[in-house]
Amino acid sequence: PEREVEYLRLGRLGLYYMTPDSGAGGVWKAESGDWQALNDAQLAEVRKGIRIAREQHAPELLALPVSVGVSQGQLQGDAS
């Protein structure tokens, strides 16, 4: 079934979608190659991110799951 959605991309770490009524949304999980549903708190964060992207809200940190796995070495800046 077709669905109208709005996408939010946060660099290389996150790809999210949300329906226009904000009733449903998801995060792309690269490891499994599919969308994972978001809970209400995460949907609120995506909504906030979309408002930030539209310059309707001041920039701030967002608490969202990432689309790609991040290893401890990547967090510490290792090139391996």
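## Strands β1 and β2

Five bridges connect β1 with β2, and the two strands run antiparallel. Strands here are DSSP runs of E with at least two residues, helices are runs of H or I with at least four residues, and both are numbered from the N terminus. Two strands count as paired if DSSP finds at least two bridges between them. Within this pair, Glu-6 has Met-18 of β2 as its bridge partner. The hairpin formed by β1 and β2 has three residues between the strands, and Gly-11 in the turn has a positive phi of about 55°.

## Basis of the model

This is a predicted model, in which local features need pLDDT of at least 70 and side-chain atom pairs count only at pLDDT 80 or more, while totals for chains, interfaces and linings use all residues. Residues are numbered from 1 along each chain as its sequence is written, and side-chain values use heavy atoms, with hydrogens and water left out.

## Overall layout

The protein has two helices and four strands. Read from the N terminus, the elements follow the order β-β-β-β-α-α. Of the 80 residues in the protein, 26% are buried; buried means under 20% relative accessible area, exposed over 50%, and partly exposed in between, with a 1.4 Å probe and protein chains only.

## The sheet

The four strands make an open sheet in the order β1-β2-β3-β4, with antiparallel pairing. β1 and β4 stand at the edges with a single partner strand each, so one side of each has no neighbour in the sheet. On average, neighbouring strands of this sheet are turned by 30° against each other, direction ignored. The axes are lines fitted to C-alpha atoms (for helices, over the stretch in contact), and angles run from 0 to 180 degrees between N-to-C directions.

β2 and β3 run antiparallel and are joined by three bridges. Met-18 stands opposite Gly-25 in β3. Six residues lie between β2 and β3 in their hairpin, where Ser-22 in the turn has a positive phi of about 60°. β3 and β4 pair in the antiparallel sense over four bridges, and Val-27 has Gln-36 of β4 as its bridge partner. Four of the five residues of β2 are buried, so this strand is largely enclosed by the rest of the structure.

## Helix α1

Helix α1 covers residues 40-53, which is 14 residues, and reaches 20 Å from its first C-alpha to its last, close to the 20 Å expected at 1.5 Å a residue. The expected span is 1.5 Å times one less than the number of residues. Asn-39 caps the N-terminal end of α1, with a side-chain oxygen 3.1 Å from the backbone nitrogen of Ala-41. After the helix comes Glu-55, whose phi is positive, near 60°.

The buried residues of α1 include Leu-43, Val-46, Ile-50 and Ile-52. Its buried residues pack against β1 (6-10), β2 (14-18), β3 (25-29) and β4 (34-37).

## The nonpolar core

The largest nonpolar core has nine residues: Leu-8, Tyr-16, Met-18, Val-27, Leu-38, Leu-43, Val-46, Ile-50 and Leu-64. β2 and α1 each supply at least two residues of this core, and the largest share, three residues, comes from α1. Such a core is a set of buried Ala, Val, Leu, Ile, Met, Phe, Trp, Tyr and Cys residues joined through side-chain atoms within 4.5 Å.

Leaving aside neighbours within four places in sequence, Val-46 is in contact (heavy atoms within 4.5 Å) with Leu-8, Tyr-16, Met-18, Leu-38 and Leu-64.

Terms used:
Polar contact = N/O pair within 3.5 Å; in protein donor to acceptor, adjacent residues only side chain to side chain.
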